[in-house]
Amino acid sequence: MENCGISRWDCPSKINKQLKELTSQPIWEVSDEYYDGTILKYYDDQCKQSKEVFDEAQKYIPGGVQHNLAFNKPFPVCFSKAEGAYLYDKDGNQYIDFLQAGGPTILGSNYPVIRDAVIDLLQTCGPVTGLLHEAELLIAKEINHCMPNVEMFRMLGSGTESVMAAIRISRIATGHKRIIKVGGGYHGWSDQMVYGLKIPGSRNLLESHGIPRKCFALTDEVRPNDLDMLEGFLRINRLKGGTACVIVEPVGPESGTRPVAAEYNKGVRSLCDKYGALMVFDEVVTGFRVALSGAQGYFDVVPDLTVFGKIVAGGYPSAGGVGGKKEYAGLMAAGVATGKHRAYVGGTLAANPLSALAGYTAIKEIERTNACEIAGRAGDRLTDGLKDLLARYELPFVAYNQGSIVHLECTGAMSYDFSSYLFVKSALGLLKYQDIMTERKDSMERMGAAYMANGIVTLAGSRLYTSMADTDEIIDEALNRFEEVFKHVVKTDKCSGK
Ligand SMILES: Cc1ncc(COP(=O)(O)O)c(C=O)c1O
């Protein structure tokens with residue numbers, strides 16, 4: 001397959017077994033001596049200007065940062081420059097960027113071709129008019145060219161909104177009510193989707209504060225990679241209003257943190273057909289990353305609807321969209337058409353010329369440069385190097401990847417499964433698991449701080465996105481920096497039950 005970023009597909013049971021071994025051990029993390037002496041000293045000495053910004057920001061911004069991924073131990077570093085594979089903080093320190101803004105910048109940060117196109121547009125049209133702009137057509141046609149199943153596409157403001165739209169369309173198209181998601185999966189933060197977040201089986205227990213129970217009364221959660229459980233829910237749902245859609249992240253929930261079998265998506269497809277539910281692929285992360293044709297191209301599966309985000313606006317704001325077969329995507333028709341039988345969607349800045357043009361230019365560039373494959377190769381090299389280091393330093397950490405989506409689990413904070421406990425154990429039992437998770441998450445952030453102090457930006461200390469800008473030399477340099485951290489990892493008695 002052309003421009004595909006995934007060169008191998010690891011067996012999920014092997015990875016899950018390693019993760020289980022990791023979480024059945026006490027926590028391994030950088031020693032107190034290294035953390036207090038070297039890491040905290042780096043922040044104190046080298047990140048003074050970041051600290052100043054953060055100290056003041058805490059007065060005006062809840063938590064001191066605007067973005068969930070920015071809240072890093074011991075305080076968030078403030079960035080002022082981005083270029084290719086590197087980020088630079090306000091104090092001038094350079095970092096290798098494996099956060100990639102949470103996924104959108106597969107071409108590398110601040111990619112000049114997109115920037116030039118955007119500046120050109122700003123000089124003439126400005127960012128927004130609220131009326132039709134040719135870039136809207138260009139991006140819809142280009143997506144259709146890369147993913148022929150996406151016959152029609154409507155650009156929206158974010159992945160969250162696009163998931164909401166996909167659910168609404170599914171309900172209209174099927175006349176069914178319920179929606180099924182996979183435990184641990186993130187599909188944005190709309191009321192009905194903040195359910196079963198991060199940890200399978202967690203239902204409404206972790207992050208759904210402030211959301212009335214009724215909001216997820218029609219949401220079901222199934223275990224990752226478990227087609228039997230999915231069929232069970234689809235069958236039962238026939239008596240409860242039917243299933244409108246099954247929504248999956250095709251590489252597994254939480255961007256493949258819980259990997260699925262290579263044939264899983266085909267299994268979901270046939271179950272959706274059997275029970276009259278639409279199949280929704282959430283390609284917010286995977287679209288134009290795992291392959292130019294998306295995960296649907298890689299897995300050779302035709303979803304009914306595809307949700308886009310991140311790369312779809314080329315790393316620029318207002319990144320979202322939903323598309324699919326005409327009969328479904330057509331239900332979103334826009335314009336002044338009050339009262340029509342349609343899925344109502346909107347957004348003042350949705351599909352503004354800037355986002356549409358940046359997205360179109362990005363996808364064209366990904367096609368021209370073979371970016372998915374190059375970023376995927378960098379992901380393979382990084383993962384292989386990490387595995388070698390883990391073996392050399394005899395660490396129980398787990399490294400695996402789906403091309404340019406690289407996972408490095410040091411504590412296994414997200415590798416629990418509440419399902420079995422919730423149903424049979426008391427609330428006290430659950431609390432205990434939450435405590436363990438909190439301690440492991442704390443340790444994960446401590447590892448993240450150690451990486452950062454060594455010039456590596458990660459996503460919450462456990463995920464790394466590679467981009468086309470990551471040359472072999474940059475990956476090897478990153479591995480040297482990881483080695484510097486791993487040298488100082490020790491086994492603690494945290495989470496040992498002592
Ligand atoms: C798989 C997936 N779906 C949906 C979303 C939500 O997208 P947005 O942050 O644009 O609302 C995300 C965001 O990270 C995501 O990873």
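Let's start at the ligand: one of its oxygen atoms sits 2.5 Å from a polar side-chain atom of Thr160. That pair is a polar contact, meaning two N or O atoms within 3.5 Å. What you're looking at is a predicted model, where local features need pLDDT of at least 70 and side-chain atom pairs count only at pLDDT 80 or more, while totals for chains, interfaces and linings use all residues. Residues are numbered from 1 along each chain as its sequence is written, and side-chain values use heavy atoms, with hydrogens and water left out.

Lys310 also reaches the ligand, with a polar side-chain atom 2.9 Å from an oxygen atom. Tyr186 uses its backbone instead: an N or O atom there lies 3.3 Å from a ligand nitrogen atom.

Next, where is empty space left? Rolling a probe the size of a water molecule over the atoms shows that. A pocket is an open set of points on a 1 Å grid over the protein atoms alone, where a 1.4 Å probe fits, with protein on both sides within 12 Å along at least five of seven lines; lining residues have an atom within 4 Å of a point. The second largest pocket is lined by 33 residues, and Glu136, Arg154, Met155, Ala334 and Ala351 lie nearest its centre. Its lining has 20 nonpolar, eight polar and five charged residues.

Definitions and conventions. Nonpolar A, V, L, I, M, F, W, Y, C, P; charged D, E, K, R; others polar. Polar contact = N/O pair within 3.5 Å; in protein donor to acceptor, adjacent residues only side chain to side chain.
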